[in-house]
Amino acid sequence: MISQQSRHCTVELQALPSRIGQVRRIVSAQLRYWHLDPLIDRAALGVTELLSNVHQHAEPDKMCTVEMELLLGRLTVSVHDNDPRLPIVQDAEPFATCGRGLAMVAAVSESWGVRPHGESGKVVWFTLSASTAAVPKISPYDSGLTLDAGQTNGTGHRPAAPGRRSEHAPARSAVAG
């Protein structure tokens with residue numbers, strides 16, 4: 001039997017502009033850790049739009065939880081807040097400076113939706129396909145560049161000999177995953 005491990009990340013926050021930027025960086029770092037770099041821009045945009053909606057519309061408070069789950073080749077990003085009112089997709093006027101958030105989430109995601117969460121609020125979510133994000137990781141040492149003895153590859157380090165690993169490991173995210 002082959003089973004695929006679920007990966008999960010949860011962040012609780014108050015949806016204030018400074019915290020939204022921090023969560024965007026956490027989402028980006030987590031996706032890098034999971035080797036899903038091609039999803040970073042769309043996930044960061046989607047979570048920014050959902051958190052901006054919480055900041056602008058949620059009552060009685062701005063507390064929310066952002067959850068990311070990678071399961072069976074699909075990344076689901078959801079935001080739970082304490083306001084039971086469901087969002088409404090609006091047709092924004094051509095020169096309006098707001099009102100397109102959910103349309104943007106729909107445009108960058110495979111699917112999205114909203115569901116009530118009892119009397120304690122709602123969950124707005126979107127999904128991205130992680131299977132198309134899988135790209136082979138190429139080491140900078142595998143560039144095919146031939147260097148003379150004593151030369152470095154621009155990073156200050158000499159490349160590893162063919163068939164050997166470099167003594168320097170790539171940087172890792174501090175975000176648990």
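The largest pocket in this predicted model has a volume of about 600 Å³. Its lining comprises 26 residues, and those closest to the pocket centre are Asn53, Gln56, His57, Ile88 and Leu102.

**Pocket lining**

- The elements that give two or more residues to the lining of the largest pocket are H2, E3, H3 and E5.
- Helix H2 spans residues 40-57, and helix H3 spans residues 101-108.
- Strand E3 covers residues 74-81 and strand E5 covers residues 122-129.

**Sheet architecture**

- The sheet is open and consists of 5 strands in the order E1-E2-E3-E5-E4, with antiparallel pairing.
- Strand E1 (7-14) and strand E4 (111-116) each have a single partner strand and stand at the edges, so one side of each lacks a neighbour in the sheet.
- From one strand to the next, the twist averages 15°.
- In general, the strands of a sheet pair through backbone hydrogen bonds, in either a parallel or an antiparallel sense.
- E1 pairs with strand E2 (residues 63-71) in the antiparallel sense over 8 bridges; within this pairing, Cys9 stands opposite Met68 in E2.
- E3 and E5 run antiparallel and are joined by 8 bridges; Thr127 in E5 is the bridge partner of Thr76.
- E4 and E5 likewise run antiparallel, joined by 6 bridges; Val123 in E5 is the bridge partner of Arg115.
- E4 and E5 also form a hairpin with 5 residues between them, and Gly118 in its turn has a positive phi of about 60°.
- Strand E5 is largely enclosed by the rest of the structure, because 7 of its 8 residues are buried.

**Helix packing and the nonpolar core**

- Helix H2 lies across E1, E2, E3 and E5, and runs at about 170° to E5.
- The largest nonpolar core holds 31 residues, of which Val23, Leu31, Trp34, Val47, Leu51, Leu75 and Val79 touch the most other members.
- E1, H1, H2, E2, E3, H3 and E5 each supply at least two residues of this core.
- Not counting residues up to four places away in sequence, Val47 touches Val23, Val27, Val66, Val77, Val79 and Phe126.
- Ser28 is found in helix H1, which spans residues 17-33.
- With a relative accessible area of 10%, Ser28 falls under the 20% cut-off and is therefore buried.
- Leaving aside neighbours within four places in sequence, Ser28 is in contact with Ile40 and Ala44.

**Backbone features in the loops**

- Glu59 and Pro60 are joined by a cis peptide bond, with omega of about 10°; Pro60 has its place in the loop between H2 and E2.
- His35 is not a glycine, although its phi is positive, at about 60°.
- The position of His35 is in the loop between H1 and H2, and its relative accessible area of 42% makes this residue partly exposed.
- Leu72, which is not a glycine either, has a positive phi of about 50°.
- Leu72 belongs to the loop between E2 and E3 and counts as exposed, at 63% relative accessibility.
- The C-alpha atoms of Leu72 and Ser131 are 8.6 Å apart in space, whereas the two residues are 59 residues apart in sequence.

Methods:
Residues numbered from 1 in each chain as written. Predicted model: local features only at pLDDT ≥ 70, side-chain atom pairs only at ≥ 80, totals over all residues. Heavy atoms only, no water. Pairing = 2+ DSSP bridges. Helix = DSSP H or I, 4+ residues; strand = E, 2+ residues; numbered from the N terminus. Axes fitted to C-alpha atoms, helices over the stretch in contact; angles between N-to-C directions. Contact = heavy atoms within 4.5 Å. Buried < 20%, exposed > 50% of the residue type's maximum accessible area, 1.4 Å probe, protein only. Core = buried A, V, L, I, M, F, W, Y, C linked by side-chain atoms within 4.5 Å. 1 Å grid on protein atoms, 1.4 Å probe; cavity = no way out; pocket = protein on both sides within 12 Å on 5 of 7 lines; lining within 4 Å. Points joined across faces, edges and corners; volume = space filled by probe spheres on them.
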